[in-house]
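Subject: Structure handover

Hello,

Here is the structure for your work. Please open it alongside this note.

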Amino acid sequence: MNINLQRMLDRWAGVPVCFFLSLWGRFISGRASPAQPKKILIILLSEMGSLVLAQPMFARLTQKYPGVSIHMLMFGKNREILELTGAVSAENIIALNDRRLGAFLQDCLRAIQRLRTERYDVVIDCEMFARTSSIFSRLSGAPLRVGFHPHTQEGLYRGSYINRPVPYNPYRHLSQQLLTLVDAIDSRQRPCSKTPVSAPPLSVAHLAFAGQELQQTAAALHDAFPTVRGRRLILVYPGGGILPIRAWPSEYYKILCRTLVEEGYAVGLIGLKEDKPLATEIVAHCRHENCVDLTGYTASIRHLLVLFFRAELLITNDGGPAQFSALTPIYSMVFFGPETPQLYGALSGKSWNFFESYPCSPCLTAYNHRNSPCDGDNRCISSISPERVLNKAREILRNSRTETTRSLENA
């Protein structure tokens, strides 16, 4: 579905449904709260990068409630990354098709039926202020419902049936806020978030791929693009995804890629099939055999992540690839502006964020459903010059070469 249609439905249909469910909850008593949760439902419908930021939350749940059965309600398009991390068993995933309105509504009805059948002890709604997820949490029938709540803030109405309300805090990293949702399960305070939280973890565990798979993927890449063989590979994601306002200017990407290939590196442009026109434009500008178009080349998220093991550096707009990099050893450089690394920085000690201080930045927030008021002149991004980016890339690549040399000497 178009993102503007999603926003419209969430507002005009979501508000009255939340109000009705709040009234209904006053007259209908539910199940008693369990002494120890045995079955927990997580609702996370955001972009798939958020699933990487949620990894510390999954770890905290299994640590705090040994033997707990964790289930997940999510969009089907995000399922692969969850299965790769292994945080939730495949049979415990409830997927919704959000590509067409009709299919989405049918899946919603089937999901509600399953939620009622499963009889969850706790539901954790990880969405910030979307009402769709809030409605699912109420209809699940779970006696404990944890989620973000406006408290004394104006607007952002999501009903009054969240009985473990946690205030959304735009000054704390999202991974920290998701940990707070776990701590709120057995809290009796108001708000349910008065436990100190440590700094966000610098990294999440890297995915483990068999050496044979890594070698076969690299060999297939070299067969398809022979000029990449034997060269240090830099991957570049110039697309803006569903929020183009986050993208660094295409003219800057052209300068960046052309300079890198002239300095002897191989540059691979990654993205979905819809990103191909931009990638084709950048490749044509470079006019160099070491700049290759990989948009649509990777057959799956897994294929992309295995490709990350072959490359040394990822240069990307804020989005899924930036978060995926934390699951691999690759270095990354990420452009922020409409959103902030204070909330969405990758959980990786090898990630460098570009972020300028503008009075209107960040403009994509939970308070406006990530609907920017910007006129398209996103200076928070365009003020980051290609020269600065190139200098940082050269510094990272020098350090990367030193690390590789040391590892070979110690082998």
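**Ground rules**

This is a predicted model: local features need pLDDT of at least 70, side-chain atom pairs count only at pLDDT 80 or more, and totals for chains, interfaces and linings use all residues. Residues are numbered from 1 along each chain as its sequence is written, and side-chain values use heavy atoms, with hydrogens and water left out.

**The sheet**

Helices (H or I, at least four residues) and strands (E, at least two) are DSSP runs, numbered from the N terminus. Two strands pair if DSSP finds at least two bridges between them.

An open sheet is built from 6 strands in the order β3-β2-β1-β4-β5-β6, with parallel pairing. β3 (93-96) and β6 are the edge strands, each with a single partner, so one side of each has no neighbour in the sheet. On average, neighbouring strands are turned by 15° against each other, direction ignored. Axes here are lines fitted to C-alpha atoms, for helices over the stretch in contact; angles run from 0 to 180 degrees between N-to-C directions.

Start with β5 (residues 144-149). 6 of its 6 residues are buried, so β5 is largely enclosed by the rest of the structure. Buried means under 20% relative accessible area, exposed over 50%, and partly exposed in between (1.4 Å probe, protein chains only). β5 pairs in the parallel sense with β4 (residues 122-125) over 4 bridges. In that pairing, V122 faces L144 of β5. β5 also pairs with β6 (residues 164-167), again parallel and over 4 bridges. There, H149 has P167 of β6 as its bridge partner.

β4, helix α7 (residues 131-139) and β5 form a right-handed β-α-β unit. Right-handed means that, with the strands pointing away from the viewer, the path from the first strand over the helix to the second runs clockwise.

Further along the sheet, β1 (residues 39-43) and β2 (residues 69-75) run parallel and are joined by 5 bridges. I42 stands opposite M72 in β2.

Two helices lie on the sheet. Helix α6 (residues 101-118) lies across β1, β2 and β3, at about 160° to β3. Helix α8 (residues 174-183) touches β4, β5 and β6, and its direction makes about 145° with that of β5. Contact means heavy atoms within 4.5 Å.

**Two loop residues**

N78 sits in the loop between β2 and α5 (79-85). N78 is buried, at 2% relative accessible area. Beyond its neighbours within four places in sequence, N78 contacts L45, S46, E47, M48 and L51.

E263 lies in the loop between α10 (250-262) and β8 (266-269). E263 is partly exposed, at 38%.

**Salt bridges**

The criterion is a side-chain nitrogen of Lys or Arg within 4 Å of a carboxyl oxygen of Asp or Glu. The whole structure holds 25 of them.

- K276 and D293 meet at 2.9 Å, N to O. The pair links distant parts of the chain, 17 residues apart: K276 in helix α11 (residues 276-286), D293 in strand β9 (residues 291-293). K276 is partly exposed at 34%, while D293 is buried at 18%.
- K254 and E251 have their closest N and O atoms 3.1 Å apart. They are 3 residues apart in helix α10, about one helical turn. K254 is buried at 8%; E251 is partly exposed at 47%.
- R229 and D223 meet at 3.4 Å, N to O. R229 is partly exposed at 47%, and D223 is exposed at 57%.

A salt-bridge network links E47, R246, D318, E339 and R370. E47 is also among the contacts of N78.

Best regards
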